[in-house]
Amino acid sequence: MGLFEKFKQGLKKTKENTGSALNSIFATFRHVDEDMLDELEEALIAADIGAMLACETVDEVRKQAKLNKINSREELSALMSSVLAEKMTANDGLKLTTKPSVIIVLGVNGVGKTTTIGKIGTRLTREGKKVLFAAGDTFRAAAAEQLSIWADRCGAGIVRHAEGADPSAVIFDAISAAKARGCDVVICDTAGRLHNKQNLMNELSKMARVVRRELPDADVETLLVLDATTGQNALVQAEAFNAAAELTGLVITKLDGTAKGGIAINISSKLNVPVKLIGVGETAEDLIDFVPEEFTKAFFE
Ligand SMILES: Nc1nc2c(ncn2[C@@H]2O[C@H](COP(=O)(O)OP(=O)(O)O)[C@@H](O)[C@H]2O)c(=O)[nH]1
Ligand SMILES: [Mg+2]
């Protein structure tokens, strides 16, 4: 399946919902007028694209229409997808050139951190890379268990400590093991409980410090995982984590399970951090590199 097809598949629910509103706009489209622009703005907001972006998009459509450049539905959808794609931060992919390099995966409980690690691990081991997981979510024993299952499945190694252990010690051990075994990539899981936010943020920055100290020259990707089904709440989480950690990228999961896939566009345009990957299902294959132009094209097709 091509990338565009995969985006379309992942956006199925969004398209069923917003798609029908957009479709009727496109189907009856003859020329740009204020009624049509109002409907368009409503449909975009309903998909969680965000009021500001929806407004900017509509303004652009109005402007282009005045310049007499839009008179077909194809031109209309092409214009909207290019306007939105331009608002998003460009994605250069994961930078993992050093040996080892490190990926730290952050996010609140249940967003899909461990699953995303399993997916990334699968991809990297298939590329022939030697991958080591660090079970940094020591809050619940089940978390390390779940990560072990993914490690077995994809052929990655794993370093885990007992429940309640210091996550920074897990990372430290994983980095030592990676150096000793000649691993290419260490992927660190983290806890996501939020009942004690300050503690969590302190713990995460301590982990980042250990990585920096032990591997001062390594490529480090700090990825924040966000659940698309939580809509605007994902945006709030992104802003909070972005203030506390040096994020290098975002992963937006469960796009397959929401009718509001526009949240990916919204978040990507709001934060100065690229969406690097999206999750469109629970299996190892359901991870896609984010390409703004292809995503918005799939959105409006
Ligand atoms: N439909 C769907 N489910 C996902 C996706 N990513 C993760 N999940 C599911 O979300 C749930 C929580 O995932 P988990 O990785 O344990 O989250 P964590 O608490 O952040 O580590 C699990 O049931 C996953 O299978 C996705 O892209 N699509
Ligand atoms: Mg987990």
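**Pockets and helix packing in a predicted model**

User: Which element gives the most to the lining of the second largest pocket?
Analyst: That is α9, with 6 residues. Helices (H or I, at least four residues) and strands (E, at least two) are DSSP runs numbered from the N terminus. The model is predicted, so local features need pLDDT of at least 70 and side-chain atom pairs count only at pLDDT 80 or more, while totals for chains, interfaces and linings use all residues. Residues are numbered from 1 along each chain as its sequence is written, chains are lettered from A and ligands numbered from 1 in the order in which they are written, and side-chain values use heavy atoms, with hydrogens and water left out.

User: How much space lies in that second largest pocket, and which residues are closest to its centre?
Analyst: The volume is about 290 Å³. The lining has 14 residues, and Ile104, Ala208, Val220, Thr222 and Glu246 are the closest to the centre. A pocket is an open set of points on a 1 Å grid over the protein atoms alone, where a 1.4 Å probe fits, with protein on both sides within 12 Å along at least five of seven lines; lining residues have an atom within 4 Å of a point. Its volume is the space filled by probe spheres set on the points, which are joined across faces, edges and corners.

User: How do the residues of that lining divide by class?
Analyst: The lining of the second largest pocket has 9 nonpolar, 3 polar and 2 charged residues. Ala, Val, Leu, Ile, Met, Phe, Trp, Tyr, Cys and Pro count as nonpolar, Asp, Glu, Lys and Arg as charged, and the others, Gly among them, as polar.

User: And the largest pocket, what is its lining by class?
Analyst: There, 1 residue is nonpolar, 10 are polar and 8 are charged. The volume of the largest pocket is about 340 Å³. Helix α6 (residues 113-126) gives the most to this lining, with 5 residues.

User: Switching topic: how many aromatic pairs are there?
Analyst: The structure holds 5. One of them, Phe7 with Phe295, is edge-to-face, at 5.5 Å centre to centre and 90° between the planes. Rings of Phe, Tyr and Trp (its six-membered ring) pair if their centres lie within 6.5 Å; planes under 30 degrees apart count as stacked, over 60 as edge-to-face and the rest as tilted.

User: Which helices hold Phe7 and Phe295?
Analyst: Phe7 lies in α1 (residues 3-10) and Phe295 in α12, so the pair ties together parts that are 288 residues apart in sequence.
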